[in-house]
Amino acid sequence: MTSPANVDVCSLDIGIGGMTCASCVGRVEKALKRVPGVQAATVNLATESARIAFSADEAQAAPMEALLRRAVRDAGYEPKAADAAIDAPDAGAWADFAPVAWGLALSVPLVMPMLGDLLGQHWMLSALWQFALATPVQFLLGARFYVAGWHALKNGSGNMDLLVALGTTAGWALSVWLWLSAPSGAMVHLYFEGSALVISLVLLGKWLEVRAKRQTTSAIRALHALRPERAHLLRPEGEVDVPVAEVLVGDTLVVKPGERFAVDGCLQEGTTQVDESMLTGESLPVVKEVGARVTGGSINGDGRVLVRVTAVGAKTMLSNIIRLVEDAQAAKAPIQRLVDQVSAVFVPVVLLLALLTLLAWWLTGHSFELALIRAVAVLVIACPCALGLATPVAIMAGTGVAAKYGILIKDAQALELAHQVNVVAFDKTGTLTIGRPQLTALLGADALYLVPSGAAVAVDRDLLQICASLQSGSEHPLAHAVMACATTQGVALLPLADAHTVSGRGTEGQVAGQRYALGSLRWMQELQARAPLAATGAQFFERAQALESQGASVSALAQQQDGVWTLRALLAFSDEPKPGAKEAIAQLRARGIRTVMVSGDNWGAARAMAQRLGLDASPGSPEVVAEVLPGDKAAKIAALKGDRHAHYTVAMVGDGVNDAPALAAADVGMAMSNVGGGGTDVAMHAAGITLMRGEPRLVAAALDISRRTVAKIRQNLFWAFFYNVAGIPLAALGYLNPVLAGAAMALSSVSVMANALLLKRWKGP
């Protein structure tokens with residue numbers, strides 16, 4: 001939808017109290033979408049919240065929130081703060097159990113005569129006592145069903161509360177009519193115990209459901225709990241404790257041993273070890289020295305350190321993680337569309353079936369009393385509640401436990417698609433390799449100069465000085481390797497002018513008045529760079545091929561003279577595979593998933609690394625794709641998806657800015673993040689799943705939790721539909737009385753919640 005230039009598309013979260021089933025979800029969504037300016041509204045029964053997208057400028061934003069809250073209230077529900085359910089204090093395991101306890105206490109005496117009959121005892125209460133026990137349950141404890149059902153009727157729809165209210169009221173009214181119309185002294189069978197016990201069982205089921213919901217939101221609660229309330233701000237007069245909300249970017253904070261870092265920052269003074277397990281799932285502490293990034297919520301080790309603040313509030317990594325998890329848990333999976341379609345017609349269909357049941361039994365010669373009881377059983381057993389919970393509780397449990405192990409699932413669609421992945425494409429540098437290459441050789445016009453770390457080797461310092469000066473403004477990993485070597489050798493940098501980066505090729509600029517280019521051999525061929533002498537030219541490229549065959553990434557330095565580029569040096573870089581990378585590929589292969597390594601390196605270096613990783617490195621192998629420019633990675637992913645032999649579901653794993661288009665092009669994008677990194681932020685936004693630590697084995701783990709979560713969704717939907725498809729006919733045919741029907745309805749919701757919570761037992765790598 002196109003909006004005027006002065007209108008923004010805003011998003012707002014609202015908590016909603018009083019929803020009980022999928023029909024409630026549909027009604028709230030309709031009410032919100034009727035508000036002028038609303039573009040989309042998604043309501044989540046499990047989180048009891050709504051996310052609304054609407055068009056509004058800043059002046060209209062506040063009134064729009066008021067209109068949305070009023071729409072929720074007019075629909076019969078209670079608008080709340082978006083995070084009310086998360087921030088609510090834990091009231092204990094038995095919170096809000098009193099209505100359930102009263103209902104059971106009043107219902108048990110009504111049920112005891114049924115048990116007595118099995119034992120040959122006559123414990124039947126008088127009709128007056130049955131009335132006295134059942135009526136408070138029906139109209140006091142069951143008042144919530146009448147209120148919610150009435151609001152549903154006023155809005156021209158129905159919900160679970162309406163079904164319970166109609167069914168139990170019919171049973172209670174029938175009992176009163178039979179009691180009052182019976183001859184004096186006659187013993188008649190009444191149904192007070194049915195209506196009272198149904199309400200008590202439904203209340204018990206809802207209470208158990210609320211308890212289970214608290215467990216599904218435990219991941220969000222744990223993340224919120226990581227944020228300290230106060231920080232030690234360092235001022236000229238000394239340390240001052242201030243609320244974290246008052247901390248500004250650029251402030252200096254003191255963090256003492258054992259304390260949590262309040263916000264994101266850069267270590268300014270001191271050395272320590274930091275526990276980042278809450279973000280990355282990595283249990284081992286990470287050593288941090290001056291200049292290292294630290295993340296809010298992580299725990300300082302045994303050193304007192306000073307931190308310069310780099311991000312506060314919603315800009316911190318922890319806030320970003322919380323937002324990603326909340327977004328995933330608030331979203332609807334594509335499979336939920338079927339549930340929404342069923343829920344829209346569920347209650348009217350059940351009411352019609354109950355009416356048909358009543359007429360069928362009555363018109364076939366049975367008493368009106370029996371016909372009404374059969375209809376009541378149909379009303380009571382119908383359970384749109386389980387349908388509404390089946391998908392969101394599984395998503396909440398799955399995304400929550402995944403976050404615990406450093407796997408952030410950004411949206412429900414990525415979660416649902418990931419279990420179908422049969423091809424995983426890995427970017428090489430920084431994903432399968434450590435991503436910190438070292439300069440291992442510098443080949444000048446006349447000789448080969450080795451540059452091993454710490455070795456006393458004669459180095460052409462002039463060439464190294466030119467290369468380092470040219471790379472001084474680049475963030476490329478190979479540029480960092482050159483700079484690190486120059487620092488180790490004590491080489492001073494020369495002034496750099498008119499420098500610019502040529503995407504996927506290298507850097508060009510002016511050093512000490514001369515024009516230089518440093519980049520790939522392909523770029524040198526495009527520049528038609530030549531060697532000073534024919535003999536040394538052949539020697540250059542022979543040595544380049546030899547270095548590539550040994551697994552090195554090779555770049556070249558060229559100088560422009562009279563409009564002609566002349567080769568001055570070759571630089572060889574080496575990288576190491578990440579620990580666990582080979583094992584990760586083996587895990588994927590064991591599951592029948594094809595793996596592909598995509599690299600911008602030359603074929604020799606790519607095949608050498610592929611061989612070390614256990615990939616097929618033979619010429620023509622489909623498992624190695626090399627010499628790919630950053631802009632062409634997305635096309636390679638598209639080619640994998642549309643293979644001529646079969647359609648594949650492709651996951652792309654990358655870590656840098658240049659991987660973002662490929663991550664977006666894949667069916668499932670996985671961004672491998674270094675906590676607090678810079679370039680990975682772009683990749684995280686493009687990907688549906690973020691791996692919070694550079695551990696390749698998390699890829700298989702992400703696919704596994706997706707598979708398990710989707711399995712739980714399908715199991716929950718099966719049982720939710722099964723309860724209704726099997727239960728309603730059984731009730732209509734007389735095989736279930738209202739009490740058993742009420743127990744089955746309560747059990748359906750509880751079983752769906754319990755099944756989803758089994759995901760919390762999943763263990764990541």
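## Surroundings of Asn716

Not counting residues up to four places away in sequence, Asn716 touches Ala390, Val393, Ala394, Val752, Asn755 and Ala756. The model described here is predicted. Asn716 lies in helix 26, which spans residues 697-732. The relative accessible area of Asn716 is 1%, and Asn716 is therefore buried, the cut-off being under 20%.

## Nonpolar cores

The largest nonpolar core contains 137 residues, of which Leu32, Leu68, Ile407, Val424 and Ile689 touch the most other members. Helix 26 supplies the largest share of this core, with 13 residues.

For Leu68, the contacts beyond its neighbours within four places in sequence are Leu12, Ile14, Leu32, Val35, Val38, Ile52 and Phe54.

## Packing of helix 7 and helix 13

Two packed helices are described by the angle between their axes and the distance between the axes. For helix 7 (residues 160-181) and helix 13 (residues 368-381), the axes come within 8 Å and cross at roughly 155 degrees. Because angles over 145 degrees count as roughly antiparallel, helix 7 and helix 13 are roughly antiparallel to each other. The crossing of helix 7 past helix 13 is left-handed.

On helix 7, the contact is made by Leu163, Leu166, Gly167, Ala170, Gly171, Leu174 and Leu178; on helix 13, by Glu369, Leu372, Ile373, Val376, Leu379 and Val380. By class, this contact comprises ten nonpolar, two polar and one charged residues.

Conventions: Residues numbered from 1 in each chain as written. Predicted model: local features only at pLDDT ≥ 70, side-chain atom pairs only at ≥ 80, totals over all residues. Heavy atoms only, no water. Axes fitted to C-alpha atoms, helices over the stretch in contact; angles between N-to-C directions. Helix = DSSP H or I, 4+ residues; strand = E, 2+ residues; numbered from the N terminus. Parallel < 35°, antiparallel > 145°, perpendicular 65-115°, else oblique. Left-handed = near helix turned anticlockwise from the far one by under 90°. Contact = heavy atoms within 4.5 Å. Nonpolar A, V, L, I, M, F, W, Y, C, P; charged D, E, K, R; others polar. Buried < 20%, exposed > 50% of the residue type's maximum accessible area, 1.4 Å probe, protein only. Core = buried A, V, L, I, M, F, W, Y, C linked by side-chain atoms within 4.5 Å.
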